[in-house]
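Hello,

The structure we talked about is below. Please load it first, then read the notes under it.

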Amino acid sequence: LAALVWICVVLLLVVFCGGIRPATGNLVGSRSVVRQGVGKASCTRMPGQSWKPATTRYHDRNNRAASIVAGAAGFDLGALFADAFGGGGGASAGIKNKVASTKQELLESLAGLDEGAKQTPEQKERVLALVDQLKDLMPAEGVTAKKGFNSRWKLLWTTEKETLTFRKSGFFGKKYVAAYQDIDVVEGRLQNLIDFDDGYFSVMSTLSVDEDNLNRCNFKFTSAGAKYGQFGPITLPPFGKGWFETVYMDDDLRIAEDIRGDTLICQKSDEGTPFAPE
């Protein structure tokens, strides 16, 4: 109702100020002439002198009315109608289209980079710039409470040196296959898993949502294990703790940053079984 009242006020301003407002002369001995349908011109006469035309100022009435509306009302007329009648889809659609195109550009930029193990500094900067754009366009909001967060996520790209070392060199001669992150905040567990040809390396952790930031998870390593061909699984001593924060997430893509300043881009995956080493 308040929005409809504002609409009426704005329309009255347009009609009144744009259609019948005369020019104003504010000096003794001055006069104004209104040219119908065009605008106004002012003429000024000083005492003891003849009339001389001053600088002519022509105003398009439509532009003048629009400026009056913007200045007097102090808001966007399109936004007002959107609020009043439940619209606003245009701006929302524009943002969604921009998110989709930026996401597509990001995915295309990852092609051939081997999860970040084979890239130039310029390619790395381009990826990080597109990540920043997605973060600005669609900031993460309480992602840990969303159902899709608890999933197996396959690594597409990272700046983490340890993972990139495995990606480049494999595991004692075993070729790198893929890396996954299994997340389950309900059960409070996290697995980072790297699959190799006939082997794997896995780190299990406890997982809890940060009380002050619903996009952040705190973890603490609880166990680590590896399998190498016929040998294993071999239990390794775990150590360390930290946090990671999801800065962007949609139905199938998630981007996270961690305590060390690394960035991880991963895609939802149905490969294998979460929390079960391959």
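Start at Asp198. Asp198 is partly exposed, with a relative accessible area of 44%. Here, buried means under 20% relative accessible area, exposed means over 50%, and partly exposed is in between (1.4 Å probe, protein chains only). Asp198 lies in the loop between S6 and S7. Its phi is positive, near 65°, and Asp198 is not a glycine.

Now the ground rules. This is a predicted model: local features need pLDDT of at least 70, side-chain atom pairs need pLDDT 80 or more, and totals for chains, interfaces and linings use all residues. Residues are numbered from 1 along each chain as its sequence is written, and side-chain values use heavy atoms, without hydrogens or water.

**Overall**

The protein has 278 residues, and 34% of them count as buried. It holds 6 helices and 12 strands. These are DSSP runs, numbered from the N terminus: helices are H or I with at least four residues, strands are E with at least two. Take the contacts (heavy atoms within 4.5 Å) between residues at least 6 apart in sequence. Of these, 56% join residues at least 24 apart.

Strand S6 covers residues 189-196. Is S6 mostly covered or mostly open? Mostly covered: 6 of its 8 residues are buried.

- S5 (residues 176-184) runs antiparallel to S6, over 8 bridges. Tyr180 has Leu193 in S6 as its bridge partner. The two strands make a hairpin with 4 residues between them. Gly188 sits in that turn, with a positive phi of about 70°.
- S7 (residues 199-209) is joined to S6 by 8 bridges, again antiparallel. Arg189 stands opposite Thr206 in S7. This hairpin has 2 residues between its strands, and Asp198 is in the turn.

Strand S4 (residues 152-158) is also mostly covered, with 5 of its 7 residues buried. S4 runs antiparallel to S5, joined by 3 bridges. Arg152 stands opposite Asp182 in S5. S4 also pairs with S12 (residues 263-268), antiparallel, over 5 bridges. There, Trp153 has Lys268 as its bridge partner. When you look at side chains, keep one rule in mind: in a regular strand they alternate between the two faces of the sheet.

**Helix H6 and Phe166**

Phe166 is in helix H6 (residues 161-169). Which residues does Phe166 touch, leaving aside its neighbours within four places in sequence? They are Phe171, Tyr176, Ile194, Phe196 and Phe201. Ile194 is 28 residues from Phe166 in sequence, and their C-alpha atoms are 8.3 Å apart.

**The loop between H4 and H5**

Helix H4 is 89-109 and helix H5 is 121-137; Lys118 is found in the loop between them. Leaving aside neighbours within four places in sequence, Lys118 is in contact with Gly112, Leu113 and Gln123. The C-alpha atoms of Lys118 and Leu164 are separated by 9.1 Å, though the two are 46 residues apart along the chain.

Glu115 lies in the loop between H4 and H5 too. Glu115 has a positive phi of about 60°, although it is not a glycine. Why does Glu115 count as buried? Because its relative accessibility is 16%.

**A cis peptide bond**

Gly232 and Pro233 are joined by a cis peptide bond, with omega about 10°. Pro233 lies in strand S9 (residues 231-236).

**The largest pocket**

The largest pocket has a volume of about 960 Å³. Of the 38 residues that line it, the closest to its centre are Glu160, Thr163, Asn192, Phe221 and Arg260. A pocket is an open set of points on a 1 Å grid over the protein atoms alone, where a 1.4 Å probe fits with protein on both sides within 12 Å along at least five of seven lines; lining residues have an atom within 4 Å of a point. Points join across faces, edges and corners, and volume is the space filled by probe spheres set on them.

The lining has 23 nonpolar, 7 polar and 8 charged residues. Ala, Val, Leu, Ile, Met, Phe, Trp, Tyr, Cys and Pro count as nonpolar; Asp, Glu, Lys and Arg as charged; the others, Gly among them, as polar.

Best wishes

Key
Two strands pair if DSSP finds at least two bridges between them.
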